[in-house]
Amino acid sequence: MWLNTTAPHFLLTGFPGMEKAHHWISIPLLVAYISILLGNGTLLFLIRDDHNLHEPMYYFLAMLAATDLGVTLITMPTVLGVLWLNHREIGCGACFSQAYFIHTLSIVESGVLLAMAYDHFIAIRKPLRYTSILTSTRIIKIGVGVLTRAGLSIMPIIIRMHRFPYCRSHVLSHAFCLHQDVIKLACADITFNRLYPVVVVFAMVLLDFLIIFFSYIFILKTVMGIASGEEKTKALNTCVSHICCILVFYVTVVGLTFIHRFGKNVPHVVHITMSYVYFLFPPFMNPVIYSIKTKQIQNGILRLLSLPCSKT
């Protein structure tokens with residue numbers, strides 16, 4: 001049976017063979033979703049409300065929190081719809097839109113982490129010029145650039161998805177739409193859609209990581225040249241939260257990539273679980289990391305709870 005872009009729907013999939021346990025599986029996922037919404041929502045509220053956090057570092061953190069919220073809000077409705085209500089149908093337009101935003105926000109997150117590395121690089125290498133380099137206008141330009149780069153890079157493959165006929169099946173492998181999942185169902189030449197995402201990953205995500213890596217080499221070189229041990233520690237501590245977020249994001253990316261590329265004999269439930277880890281673990285951990293490692297965020301949370309602030 002042929003399914004083209006005028007067909008009414010695709011069918012989402014939860015955890016195959018575990019349908020009777022879907023309600024139980026939904027509990028930890030719901031807890032994770034709520035934690036992500038509260039954690040990242042709190043960061044955004046604090047950064048907007050607390051004038052002590054109106055600095056470039058925290059503006060970039062707000063971009064990261066907004067990106068994590070976006071990914072969560074895009075995937076959560078269909079996931080819970082499948083697990084709670086067994087509502088598996090999703091229209092082609094809605095499916096392609098969800099895939100577009102999921103992949104775009106993944107590129108955005110990588111770009112924001114790169115922007116945060118640039119912020120740390122300027123703060124440590126050129127502290128006297130920090131405020132003159134990272135002006136509000138430049139921060140806005142960086143944010144718009146990150147969004148534009150991600151949005152335009154993903155658009156070609158999503159546009160082509162609208163043009164393909166789908167005849168093999170209309171059953172997807174996840175409870176949300178991913179490009180690589182949908183494209184397997186197309187009955188057309190999908191060479192471009194297979195190769196282009198690989199180029200995007202290498203040209204952007206891998207390049208972002210390499211630039212971040214080399215920026216920290218220069219940062220470390222600068223810190224090692226600081227005479228005072230206390231100042232060295234203080235400079236390194238400003239980078240710890242960002243480094244942790246980088247590791248959380250890129251380790252999950254590498255883990256998911258290896259599972260998809262080399263885990264053909266791995267049970268399908270492992271592929272599904274790794275997908276949820278990829279979408280939930282970084283958004284869950286980023287607010288936790290910054291709440292634990294950043295005194296200004298801690299103090300903001302304490303003020304929000306009307307508790308005595310810790311000393312900076």
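The residues lining the largest cavity of this predicted model divide into seven nonpolar, one polar and two charged. A search of the whole structure finds one cavity of 30 Å³ or more, and about 70 Å³ of space lies in the largest cavity.

**The cavity**

- Rolling a probe the size of a water molecule over the atoms shows where empty space is left.
- The lining of the largest cavity consists of Asp68, Val71, Leu105, Ser106, Glu109, Phe249, Tyr278, Phe279, Pro282 and Pro283.
- Two or more of these lining residues come from each of α2, α3 and α9.
- Helix α9 provides the largest share of the lining, with four residues.

**The nonpolar core**

- In soluble globular proteins, nonpolar side chains tend to be buried together.
- In this model, the largest nonpolar core has 90 residues, and Phe10, Leu61, Leu113, Tyr166 and Tyr276 have the most contacts inside it.
- At least two residues of this core are supplied by each of α1 (22-49), α2 (56-85), α3 (92-125), α4 (130-133), α5 (136-163), α7, α8 (229-262) and α9 (268-293).
- Helix α3 gives the most to this core, with 16 residues.

**Helix α3**

- With 34 residues, α3 reaches 49 Å from its first C-alpha to its last, close to the 50 Å expected at 1.5 Å a residue.
- Because 25 of its 34 residues are buried, α3 is largely enclosed by the rest of the structure.

- Helix α7 spans residues 191-224, and its 34 residues reach 49 Å from first C-alpha to last, close to the expected 50 Å.
- A bend of about 30 degrees is found in α7 at Leu207.
- An α-helix has 3.6 residues a turn, so residues three or four places apart point the same way.
- The buried residues of α7 are Asn193, Val200, Met204, Val205, Asp208, Ile212, Ser215, Tyr216, Ile219 and Val223.
- Ile190 sits in the loop between α6 (179-182) and α7.
- Ile190 has a relative accessible area of 12% and is therefore buried, the cut-off being under 20%.
- Between the C-alpha atoms of Ile190 and Met224, which are 34 residues apart along the chain, the separation is 51 Å.

Conventions:
Residues are numbered from 1 along each chain as its sequence is written. This is a predicted model: local features need pLDDT of at least 70, side-chain atom pairs count only at pLDDT 80 or more; totals for chains, interfaces and linings use all residues. Side-chain values use heavy atoms; hydrogens and water are left out. The expected span of a helix is 1.5 Å times one less than its number of residues. The bend at a residue is the angle between axes fitted to the seven residues ending there and the seven starting there. Buried means under 20% relative accessible area, exposed over 50%, partly exposed in between (1.4 Å probe, protein chains only). A nonpolar core is a set of buried Ala, Val, Leu, Ile, Met, Phe, Trp, Tyr and Cys residues joined through side-chain atoms within 4.5 Å. On a 1 Å grid over the protein atoms alone, a cavity is a set of points where a 1.4 Å probe fits but cannot get out, and a pocket is an open set with protein on both sides within 12 Å along at least five of seven lines; lining residues have an atom within 4 Å of a point. Grid points are joined across faces, edges and corners, and a volume is the space filled by probe spheres set on the points. Ala, Val, Leu, Ile, Met, Phe, Trp, Tyr, Cys and Pro count as nonpolar, Asp, Glu, Lys and Arg as charged, and the others, Gly among them, as polar.
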